[in-house]
Amino acid sequence: MRIWRRSGNMGDRSKETGKEFSFGKNGNRGNQQPARLGPKDKKISNMRGPNPPKTKLRNVGPMRGLVFGPISGESGLSARGKRLRVEKENVGRPGGVFAGDGELDRNVKNSGHVSATGSRISPCSQLKATFTTTSSILRSINLWVDSLKCLKDCAVNYGVSRMKKHYKDLWPALKDALYASTKTDLSFGLESLTSPGIEMGEIHREAVNLLQRLVKQDISFLGLVVEDIRVNMVFDTISRYLRYEEMLDTSKLEVLVVSQILSVSARSSVESCNIIFQTFFFRLMNTLGIVEKTSTGDLVHNENSTVSTRLYHGGLHLCIELLTTSKDLIPSSEECTSTPESAQQSWCSIVSRFSASLIEAFTSAVQSSNDDCSADAYLGVKGLLAMGMFRGGSSPVSRSEFEKILTTLTSIITAKSAKTVKWELALKALVCMGSFIDRYSESEKAMSYMAIVVENLVSLVRSSHCSLPHPMILEATSEVCSTRPTYVEKMVEGFEEAFCSSFSDFCVSLGPMTLDRKVFTIVSVSISNKQGIESFLISNYYLENTCQVNGNFKSIENCSQLLECVTNKLLPRLTEIDGLEKSLVNFAISMWNQIESSIVFSYDFKGREFVEAAMKTMGEIVGVASVDSQNSIIQKVYNVISSSTLPAMESIPLTVAALEGASPKASIPDVKSLVHLFLVSFLKGYIPAAQALGSMVNKLGTGLEEACDTIFHESSASGSSIPSDDSSKTIGGSEALLSKICLGFYGSLDLQTHAITGLAWIGKGLLMRGDKRVGEIALVLMECLKSTNSSGNALHPSAMKHAADAFLTLMSDSEVCLNRKFHAVIRPLYKQRFFSITVPILESLIVNSQTPLSRTMLHVALAHVVSNVPVTVILDNTKKLLPVILEGLSVLSVDSVHKETLFSLLLVLSGTLTDIKGQQSVSDNAHRIIECLVKLTSYPHLMVVRETAIQCLATLLELPHGRIYPFRREVLQAVTKALDDPKRRVREEAIKCRQAW
């Protein structure tokens, strides 16, 4: 192989000389003959000698180059197995090849590198060689990043004196890298308001880092930037196009790259920023019409100029980039004392001189924009944001000018009746400025921000006659005021006042209440004397049908939106904002004050959205509050209930929410009265009352026994006309009115289903805390799954369906209550214990079931228990559960009503198929599993069932061949039918399964 070596000076045109080498294990040693290049000479005679040559042995093992490929520096082989005779040359520009990262790093670190001839290379020569090698490859896209990193390392390690001689070659290459890596797409979107607005790739970032390093290290490098022709020609490019979209791509590229070069150079140091502003800022102001050129050629500030006709997008972009860069260079108070004023205030004084005109220019850009052109609004708002974020006493923007910026942005928020791009840009700019004021503790600017922005927006929230849509007011106020704790306190006060005002408007505008005195007396007496559930329900029915509610639903709608804003915007930021908890607790108590003063407030009136929003807000506030704050709210709840004339009608929703979010350490007064209130409410059909009751029995300490006695041992009133059967008085060892209702001994079907649902939530609360009474509740629910009760009366299918779904309530994780977010008491392994108690009983009931409906409902209940227990429990009991699971899949696939339950049970089966613990049981039941899965491949009611069944069939291929081969034909027939399934995902799984089988 021939290697070409450069000779002579590195700067001259190199000569190429050839030298022959032979490649072997040890090379040429001693007196060995050099390898001959070219074909071997054939012998003239074909006669064999006495010692014929031996046949070469072939190595039949893995050969280098066949399995592992050729090693570094080794040539390839021809098709006949012979090594090719090739010359290994460089395929690049003359001057050498580019070394990899490792070689360059070693060259940079090892300054005493020794050449091949044995002479030591000097550090300067090595630097020159590295630079020459690197700069010659800068146009190769794949190597630019490594080259720029290497040059940055060279600048750090070799210093100014060694790098300076290469500046004239380095600057063009660096500039080319910036031009090649910059795209012409300038974003005018909301996300670009606090960023450069251009996409920066890795090459661009490395080029920017190198430029900043060079300028910061040596200010003389900036002379190349300032004197560059392309940089100076950008002002002519800017003045030719008014709008950015009118520019040619080459002109856009010029503007974006020069903006990056100047902003990065100015960011390097105060000195470089001064040079950039002194050189280019006056010319930029002339382009925008802020300064004028006199007859002598001087540029004079024209404070009365009209800039609205010369708002070039390119000029505004360049100006914004320079302003955004320079604001970070304002020194702190310590730096101001140590740095000469002339050195730190040059660029700042220039900006201060033109600040009023710049603010006017950016304001004109915003005001001249329309909904069709977002560029004007974007550049105007971004310019105002840049001018408003200069920090400290050395800010070039005066307080009056800062207040003008705030006034302009606030007017955009309050004037727009629709959420346009301009509105969103102005809102984000105000939020950024508020965060900036809080971060740098700008006390004077904070006062201006409070007076101009916060006060105006909060006053709009209070006002009921604002043209701006209420959701937009709330969004703007919550976003702006969340930037500082003092603003948050002001906002919550405004929200509280607005809520009270809107709610009062609703209550005042209610229509006349026609309430029969006899009905009123019945309700009052039944509640005060706690005379029984039936009398309460009857009186409640009459009350609802005699009340006419005709309130101002616009006001109540505003209340709903305000509460949603508090829940979604403020509560998630409770840990970030100091003092927010106290403000929110006061807000919650104010809500209760309004409920207490209102005459009618029922969860059945038409403003259901408001009730749901109020419950969610109340529960969230109680959930995040401290124990002391929870006690204050709960005490207020109790005071309202005890003093209200119609507590069940007015206060149940918020009472439920307050108690659901309470901590176990919170104190609950008069537990018996609250339990009775919730009991009669959920029997009426109000499910949140059952959830609150479940939360109470889950968290109560000393009051648990009293609560359980009230729930389970409350007998019907002495004057009740509903008969009871003596044979069914005892269920679980005690007289239980609630159990009788669940089993249908008296009352309507609705009352029975409501009781079953409520009992499930109560049982869930007891189950999670590990109370043994949950076993009695489970037995009652299982009795409801039988076709007849203990008296021989047939149970209604709807009641049986509710009883089966009650097991889902018991075992599933709830998001609305009884979770860690709302401080639920959760004992470890509670699901496993309930599984071990109920599954054997359910299995025996399935075996002894007398009707198909009862059998189906028992399978539904079992599926809910099995599918919500941890998978390790299923794997430990696979042998017992697998036949029941397969039977359940067969039963539940008959009716589409149980499709979700069927899918959850199928997922349990798939878990047993893929785990090694269940392989033996799966192998023993392979024929039944395949038969069940084949049927489910055509299940018409749910696509994921068909998809999962086909996946399970593919998983069965891991079983022994003898177990599955007899069913190959049935599987292939079913999968082939699935190839015509209307869903693509099913067809794809069918293709995979068919190929596997």
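1. K445 lies over the face of F402, 5.2 Å from the ring centre. Likewise, the charged end of R230 sits over the ring of Y179, at 3.7 Å from its centre. A charge sits over a ring here if NZ of Lys or CZ of Arg is within 6 Å of the ring centre and within 35 degrees of the ring normal.

2. A word on the source: this is a predicted model, where local features need pLDDT of at least 70, side-chain atom pairs count only at pLDDT 80 or more, and totals for chains, interfaces and linings use all residues. Residues are numbered from 1 along each chain as its sequence is written, and side-chain values use heavy atoms, with hydrogens and water left out.

3. Now the aromatic pairs (Phe, Tyr and Trp rings, the six-membered one for Trp, with centres within 6.5 Å; planes under 30 degrees apart are stacked, over 60 edge-to-face, the rest tilted). The count comes to 15. F282 and F354 form an edge-to-face pair, 5.5 Å centre to centre with 80° between the planes. F354 is buried, with a relative accessible area of 0% (buried means under 20%, exposed over 50%, partly exposed in between; 1.4 Å probe, protein chains only).

4. W347 and F390 make a tilted pair, at 6.3 Å and 35°. Ring pairs link F277, F281, F282, W347, F354 and F390 into a cluster.

5. S502 is buried too, at 13% relative accessible area. Leaving aside neighbours within four places in sequence, S502 is in contact with S555, N558 and C559 (contact means heavy atoms within 4.5 Å).
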